[in-house]
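Let's take a friendly walk through a protein model, one piece at a time. Have the picture open as you read.

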Amino acid sequence: MALLNDLAKKKEGLVNGHRLCPGCTHSVIMRQALAAADTDKYDIVIAAATGCFEVSTGLYPYTSWNVPWIHSAFENAASTIAGVEAMYKVWKKKGKTNKDIRFIAVASDGGTYDIGLQALSGAIERGHQFLYICNDNNAYQNTGNQRSSATPFGASTTTSPNGTIIQGKTQPKKDIMSVLEGHHMQYIAQASPSNWRDLMDKVKKALDVNGPTYINVIEPCTTGWGFPAHKAIEIAQLAVDTCVWPLYEVVEGKVVINYKPKNKLPVEEYLKPQKRFAHLFKKGNEHLIEEYQKQVDKHWEWLLKREESGISY
Amino acid sequence: MSKKLDIRWHGRAGQGAVTAAKTLAELISQEEGVYAQGFAVYGAEKRGAPVIAFTRIDDKVIRDHSEYMEPDIVLLLDPTLLGLVDVKEGLKDNGKVIVNTSFDKEQVIEELGLQGYDVYVVDANKISIDALGRAIPNTPMIGALAKVTGLFSKDEISKGVVELLEHEGKFPQKIIDGNREAIEKAYEEVK
Amino acid sequence: MAEKLLDWNEVLIGATIKDPGNSRSYETGSWRVERPVWNPDECIQCMFCWVYCPDSSILVDENGKMTGIDYDHCKGCGICVEQCPKKSKALTMLLEADAKGKSEEEIRKEAFSK
Amino acid sequence: MGKKVALTGNEAAAHAIRQINPDVVAAFPITPSTPIPQNIAQYIADGKMDTELVTVESEHSAMSACIGAAAGGGRVMTATSANGYALMWEMLYIASGARLPIVMAVAARALSGPLNIHGDHSDIMGGRDSGWIELVAENSQEAYDNLIQAVKIAENKDVMTPALGAFDGFNISHSIEIWEMEDDDKVREFVGEYEPLFPLLKTEEPVTHGAWAPPDWYFEHRMSQLKGLLNAKDVVVNVGKEFGKAFGREYGIYEAYKMDDADYVIVAMGSVCGTTKDVVDSLRDNGVKAGLLKLRLFRPFPYKELADVLSGAKAIAVLDRVSPAGAQGGPLFNEIRSALYDANNRPPVINYSYGLGGRDTQPVHINSVYDTLKKIVETGKVEKQFDCLNLRGAWG
């Protein structure tokens with residue numbers, strides 16, 4: 001990986017003037033991803049799902065995109081990019097372009113875990129060349145923090161609120177990585193903008209696969225999660241250090257854990273700074289944090305075992 | 001002379017009644033200045049259910065897309081449908097009925113109450129089993145129809161169907177030869 | 001800013017935008033309540049501020065080195081300050097109100113004296 | 001020279017698509033249009049066309065992939081029916097809003113529920129305001145001809161609007177008819193090459209497709225889009241003439257069948273028009289001045305032209321192959337009545353629902369409509385403004 005100084009010299013694919021909240025990590029993730037793309041070698045075309053990131057970067061008559069970009073709806077980033085990629089095959093065949101073009105679809109958890117899952121699954125099964133990046137901000141943030149299947153256990157959202165009888169979301173988060181694993185892609189990974197070098201490595205690898213790839217990225221949301229804007233990267237780092245968000249790859253079915261914290265922090269460290277988890281720290285709710293810790297530990301242990309086994313597809 | 005002819009086919013799903021109705025439309029339309037239409041009444045029938053198909057022939061462009069027909073000819077493709085379907089429904093007074101059966105004509109007339117109609121019988125199942133090893137009565141019934149109506153000579157009808165089958169490009173020579181044999185035999189045997 | 005907006009028969013069909021990255025002309029700097037202030041003397045050019053900035057507001061020269069802050073677009077989130085790895089920070093936050101009407105030198109002094 | 005063929009309406013559509021040989025087809029099978037993607041897949045497998053076929057997992061993804069492909073930069077087609085069309089709904093508006101000239105074959109079918117797979121116009125009438133050009137065919141020949149013309153109409157620089165070519169499910173889609181298939185080369189020459197305006201794949205000129213338009217922009221974009229749709233009317237006429245020159249079958253926005261001196265007029269679309277023509281002929285033989293106005297172009301709706309040709313009638317019956325769904329009548333009825341409001345002569349207009357979910361509409365039913373029109377003229381009274389054809393039980 002190039003030095004940051006070298007990457008900083010590159011023309012950016014995503015520019016400023018967008019309307020994301022101060023401290024939003026959507027743009028951080030995409031800036032890192034586009035910096036990682038080897039744009040001397042190939043061009044990038046992006047399809048975006050409806051969401052915060054999309055409405056903030058493509059607000060007529062303004063666009064923050066320096067690369068070709070298309071948005072059409074919420075649930076179809078994958079099928080939209082599939083169409084573009086199909087046309088690219090035709091252009092290649094007919095000699096209308098001699099360029100190497102790589103495709104990226106970007107959506108949040110709403111457009112990926114939930115409403116867009118079918119289109120994503122279909123596009124992967126058909127084997128289109130595209131990298132699907134899910135910026136997972138744990139809820140439908142564009143419409144004001146409604147729970148999604150990516151919302152973690154215990155989190156208070158506007159449709160899984162903390163109340164006198166129910167304390168936030170009662171179900172655990174969907175393990176989307178396992179859902180995607182079932183598609184037997186060559187490469188899928190989980191990353192965090194706090195660990196930029198790791199994220200960039202993953203994007204670069206994924207874009208070099210001639211087929212579908214997937215990267216799940218934690219996208220701390222200052223507004224929905226309730227933490228001060230300047231803490232955004234720190235929160236992402238805490239998710240990684242508590243193993244709430246393990247950094248790992250599944251290469252041909254083989255699990256590779258990219259980061260094992262020397263000192264695995266208790267989940268409280270991650271939960272405490274976020275308002276959405278504030279109620280978990282009230283007296284009498286200790287068991288909820290215990291349950292949270294249990295879920296995280298269980299998943300982490302499972303990942304470690306899978307890595308140890310070394311099995312692939 | 002008007003070439004107008006309305007034909008109704010009764011069969012069971014899987015026996016090729018629809019294919020037969022459409023094949024006939026295709027064959028007849030190869031003649032200059034003759035028009036045809038082939039269609040079926042569709043439900044969600046799976047193999048075995050009774051089905052009805054239609055062929056319209058005319059020397060004018062056929063514009064009517066309704067399913068209503070007063071047939072000149074009714075074909076019964078499956079002997080086991082005897083008595084189960086109303087063969088006479090809408091049949092013109094001087095209408096013809098061609099039945100795939102091993103019974104003789106008198107028995108069929110008696111059974112179906114077809115007194116006063118022009119009834120023909122042919123054992124298309126036996127012909128088909130002999131020639132093709134399976135009871136697919138649709139092509140022999142086309143052969144019988146050709147004879148009864150005089151629409152095609154024996155050579156014309158067997159050549160026509162064979163060409164269509166060859167054009168499909170998915171049938172082995174054995175099947176094509178079997179069909180030729182079945183058509184010609186039915187043409188000769190219908191009475 | 002009373003810019004004349006295009007009429008219905010002047011817009012590009014399909015709401016297509018042919019001017020890539022034109023949002024740069026939309027200045028989000030006005031959203032800022034606090035601003036990051038840079039002290040080049042303390043800066044080690046690690047570029048963490050650049051890689052973590054949500055608003056591409058770390059100015060960079062042709063060698064890829066940081067040269068300051070794009071205050072036209074910086075929304076003042078403070079991530080750069082938080083992520084500046086030096087103990088004696090090369091970046092710090094200052095209330096916009098305290099920066100008003102002051103020169104760059106005065107602002108830097110004000111910010112880093114705290 | 002074209003050749004006479006005996007094939008179904010679906011095969012007519014599939015052959016039109018094969019001959020057009022679009023860059024991309026993205027489709028999902030649904031009765032009764034399923035044979036279209038099937039045949040296309042076979043043509044590709046046999047090397048008879050080299051379209052990139054995207055076998056999507058739903059109709060929503062079909063239209064999404066069509067949008068992606070068309071924005072990518074090229075000619076794109078698809079096919080669907082009924083619930084599949086309904087699943088595309090959201091994307092239909094986006095395709096037209098994005099001004100992507102996608103062309104779609106629709107074997108028109110009833111919408112559930114209850115589930116019904118047969119012909120009616122619930123799909124294309126339900127989506128009539130999605131901003132697409134809508135051409136409706138009477139038979140297989142028109143289904144074939146319309147799709148070829150639709151490409152040219154949709155891609156016209158002044159139009160740049162998606163178009164659908166509809167034909168009745170089963171009545172046409174599954175019926176073998178005799179029609180002329182033109183030479184592949186001549187069809188390709190007729191549709192010509194398509195030059196996309198803002199292709200995403202031209203990466204040296206990055207474009208943004210699908211930015212959201214806030215209140216100070218959305219209205220302007222919608223009206224700009226409407227202009228494109230309205231421009232289609234003249235283009236339909238011109239392309240119809242061009243088609244006539246190339247292939248000997250000229251088309252307009254409607255067909256006036258024995259309308260010159262007609263007193264009693266039926267207005268309809270689709271396969272029922274053929275049946276109606278037979279009835280008109282037999283009535284004419286008996287000295288009844290019956291006529292048929294067959295509408296070919298439903299969107300954009302040619303209200304002025306229709307008012308002109310209809311205002312000479314003494315009584316008019318509009319046949320809608322949908323339920324009025326709570327409106328004063330079916331959509332065609334409401335459009336026709338509204339069009340006549342400004343005419344000098346405003347004949348009485350009545351409305352029938354017919355053929356829902358594949359219900360057979362026979363000459364006897366059409367005859368009853370003309371009988372009613374005659375009665376209206378004789379008595380000067382309209383007893384029922386709305387009625388149903390071939391429905392069990394008297395409506396109302």
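## Before we start

Please keep in mind that this is a predicted model. Local features are described where pLDDT is at least 70.

## The sheet in chain D

Let's begin with chain D, where an open sheet of 7 strands has the order 3-2-4-5-7-6-13, with mixed pairing. Which strands stand at the edges? They are strand 3 (52-54) and strand 13 (297-299) of chain D, and each has a single partner strand, so one side of each is left without a neighbour in the sheet. From one strand to the next, the twist averages 20°.

As background, strands of a sheet pair through backbone hydrogen bonds, either parallel or antiparallel.

## Strand 5 and its partners

Now look for strand 5 (residues 103-108) of chain D, which runs parallel to strand 7 (residues 163-168) of chain D, with 6 bridges joining the two. One pair to find is D:Ala105 and its bridge partner in strand 7, D:Gly165. Strand 5 of chain D also runs parallel to strand 4 of chain D, and here 4 bridges join them. In that pairing, D:Thr78 stands opposite D:Met104 of strand 5. To get from strand 4 to strand 5 of chain D, the chain passes through helix 4 (residues 82-97) of chain D, and this β-α-β crossover is right-handed.

Is strand 5 of chain D mostly covered or uncovered? It is mostly covered, with 6 of its 6 residues buried. Both faces of the strand are covered. On one side sit D:Val103, D:Ala105 and D:Ala107, and on the other D:Met104, D:Val106 and D:Ala108, all of them buried.

Which residues does a cis peptide bond join in the loop regions of chain D? One such bond joins D:Thr31 and D:Pro32, with omega about 0°. D:Pro32 is found in the loop between strand 2 and helix 2 (35-45) of chain D. Another cis peptide bond joins D:Ser112 and D:Gly113, with omega about 5°. You can find D:Gly113 in the loop between strand 5 and helix 5 (122-126) of chain D.

Next come two positive phi values in residues other than glycine. D:Lys258 has phi near 55°, and it is found in the loop between strand 10 (254-257) and strand 11 (264-268) of chain D. D:Lys258 counts as partly exposed because it has 16 C-beta neighbours inside 10 Å. D:Ala325 also has a positive phi, near 55°, and it lies in the loop between strand 14 (315-320) and helix 11 (331-340) of chain D. With 11 C-beta neighbours inside 10 Å, D:Ala325 counts as exposed.

## A helix in chain A

Turn now to chain A and look for helix 12 (residues 286-309), which has 24 residues. How far does helix 12 of chain A reach from its first C-alpha to its last? It reaches 35 Å, close to the 34 Å expected at 1.5 Å a residue.

Within helix 12 of chain A, A:Leu288, A:Tyr292 and A:Val296 are buried. The buried residues of this helix pack against helix 11 (267-271) of chain A. Just after helix 12, A:Gly310 takes a positive phi of about 65°.

## Where chains B and D touch

Finally, see where two chains come into contact: 16 residues from chain B and 19 residues from chain D take part. On the chain B side, helix 1 (17-29) and strand 2 (35-41) each supply at least two residues. Strand 2 of chain B gives the most to this side, with 5 residues. The residues of the chain B side divide into 6 nonpolar, 5 polar and 5 charged.

Strand 2 of chain B also pairs with strand 8 (residues 176-181) of chain D, in the antiparallel sense and over 2 bridges. To spot this pairing, look for B:Gly38, which stands opposite D:Ile176 in strand 8 of chain D.

Conventions: Residues numbered from 1 in each chain as written. Chains lettered and ligands numbered in written order. Predicted model: local features only at pLDDT ≥ 70, side-chain atom pairs only at ≥ 80, totals over all residues. Contact = placed C-beta atoms within 7 Å. Nonpolar A, V, L, I, M, F, W, Y, C, P; charged D, E, K, R; others polar. Pairing = 2+ DSSP bridges. Expected span 1.5 Å × (residues − 1). Buried ≥ 20, exposed ≤ 12 C-beta atoms within 10 Å, placed from the backbone. Axes fitted to C-alpha atoms, helices over the stretch in contact; angles between N-to-C directions. Right-handed = clockwise from strand over helix to strand, strands pointing away.
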